[in-house]
Amino acid sequence: MATRKIRIFGDDVLRKRCKEITEMTPKIKVLIEDMLDTMYEEDGVGLAAPQVGILKRLVVIDVGEGPIVMINPEILETSGEQTGYEGCLSYPGKTGIVKRPNYVKAKALDENMEEFIIEGEELLARAICHELDHLDGKLYTDFVEGDVVDSASLYEDEEE
């Protein structure tokens, strides 16, 4: 398929609430494939449709266990807590410390518009929360504890 241009922090589309997808169309199928290609090309673990300028409730995630496509996702349950560095393809080169649930249970539709339940811990839980926030116009920077910093600064101590 193709990669799409990622919208960068400051673009108004990233602050808008997305609309539900009511049917699988050829355009949505192409969007899913393009989003996966874009996420992999940019070495991301997740990508939401507004990040490529499309205001639809669609995210793709891959934390190393294969691609997950979530249409009209909704978090059902969370528990626990984790705090760690988080970044975003829409805010390249930056990172910040964000507190998220350690466990997430969500429901969504797959590419066949069939409902499924997904449960995730640690990185998957973080990715689900991060990507679903995008669908409501929220960015990880809204939740950062302290400052957003250059990602490269995290590795400076290791080089010395």
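## The sheet

An open sheet is built from three strands in the order β4-β5-β8, with antiparallel pairing. Because β4 (82-86) and β8 (145-150) stand at the edges with a single partner strand each, one side of each has no neighbour in the sheet. From one strand to the next, the twist averages 25°. Strands (E, at least two residues) and helices (H or I, at least four) are DSSP runs numbered from the N terminus, and two strands pair if DSSP finds at least two bridges between them.

The model is predicted: local features need pLDDT of at least 70, side-chain atom pairs count only at pLDDT 80 or more, and totals for chains, interfaces and linings use all residues. Residues are numbered from 1 along each chain as its sequence is written, and side-chain values use heavy atoms, with hydrogens and water left out.

## Pairing and packing

Strand β5 (residues 94-100) runs antiparallel to β8 and is joined to β8 by three bridges. Lysine 94 has aspartate 150 of β8 opposite.

Helix α2 (residues 123-134) packs on the sheet and touches β4 and β5; contact means heavy atoms within 4.5 Å. The direction of α2 makes about 65° with that of β4. Axes are lines fitted to C-alpha atoms, for helices over the stretch in contact, and angles run from 0 to 180 degrees between N-to-C directions.

## Lining elements

Helix α2 also gives the most to the lining of the largest pocket, with five residues. In that lining, β4, β5 and α2 each supply at least two residues.
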